[in-house]
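Please examine the sequence and the model before reading the solutions.

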Amino acid sequence: MDKASTKEIEARFDNDVATFSNLEQGQSALIDAPLLLEVTTEAARRIAPQASRLLDIGCGAGNFTLKMLEKLPAVHCTLVDLSGRMLERAVERVSKVSQADVEAIHGDLRTVPLPAGSFDIILAGAVLHHLRTDDDWESTFRRLYSLLRPGGCLLISDLVLQDVPQLNTYAFERFAAHLEEIGAKTSREEHLAAVRREDTPRPLSYQLRLMRQVGFTQTDVIHKNACFASFCGIK
């Protein structure tokens, strides 16, 4: 199956802003979405309690940054998203509660201009699974590492694969059951087809190894349920 292009993914998110604009539910299609928002941002707060600069890549409508601002209200926020409409919504929501500056950058997280060594916290919520090749994954992780200050942390909350094929099948069966339980707008078949077309997730173990490979000195798993996980790396 041909994978969706960057432009196709951008267009889909431009047309789906409302789905990503509920802080209480998060992106409800994700298993444990509200919990992932809470534990990911709380982990960031505990690792970098004196943080002054936050980067949210693939910020969507701003849920992760909004949750982070509940814990660190004075942090300067830089929001990046491929979807202009998502970015506009995120800036609107974040600006209402932030006690510091809010900067918006429209574009691909892999290529937009960002200052090296400038951020204490990088949030990556449900975005990195859109990466494709191993080279793409490695270069992106290297870039994220370079953007952090020493002691800064990368927090990832995302769709992941399992290393064991039988467990991968089981994890996605649980995901499909979750979609039915919440009464998702699209059928389980449509949603899983969209995952196959748009996404190229990697196992949690792969991403933790890659973090170490590019230079992170500490890595840890915060939460995992079926094919969704929250994890971190510290520079």
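A disulfide is a pair of cysteine sulfur atoms within 2.5 Å. The model is predicted, so local features need pLDDT of at least 70 and side-chain atom pairs pLDDT 80 or more, while totals for chains, interfaces and linings use all residues. Residues are numbered from 1 along each chain as its sequence is written, and side-chain values use heavy atoms, without hydrogens and water.

**Exercise 1.** Determine how many disulfides the rule gives, and examine Cys-153.

Solution. 
1. The rule gives a count of zero disulfides.
2. The closest cysteine sulfur to that of Cys-153 belongs to Cys-232, and because the two are 7.0 Å apart, they are too far for a bond.
3. Cys-153 has a relative accessible area of 0% and is therefore buried (under 20%; exposed is over 50%, partly exposed in between, with a 1.4 Å probe and protein chains only).
4. Cys-59 also counts as buried, because its relative accessibility is 6%.

**Exercise 2.** Characterise the packing of helix α2 against helix α3.

Solution. 
1. Helices are DSSP runs of H or I with at least four residues, numbered from the N terminus. Helix α2 spans residues 33–47 and helix α3 residues 63–71.
2. Their axes, lines fitted to C-alpha atoms over the stretch in contact, come within 9 Å and cross at roughly 50 degrees.
3. Contacts (heavy atoms within 4.5 Å) join α2 residues including Leu-36 and Leu-37 to α3 residues including Phe-64 and Met-68.

Methods:
Axes fitted to C-alpha atoms, helices over the stretch in contact; angles between N-to-C directions. Helix = DSSP H or I, 4+ residues; strand = E, 2+ residues; numbered from the N terminus.
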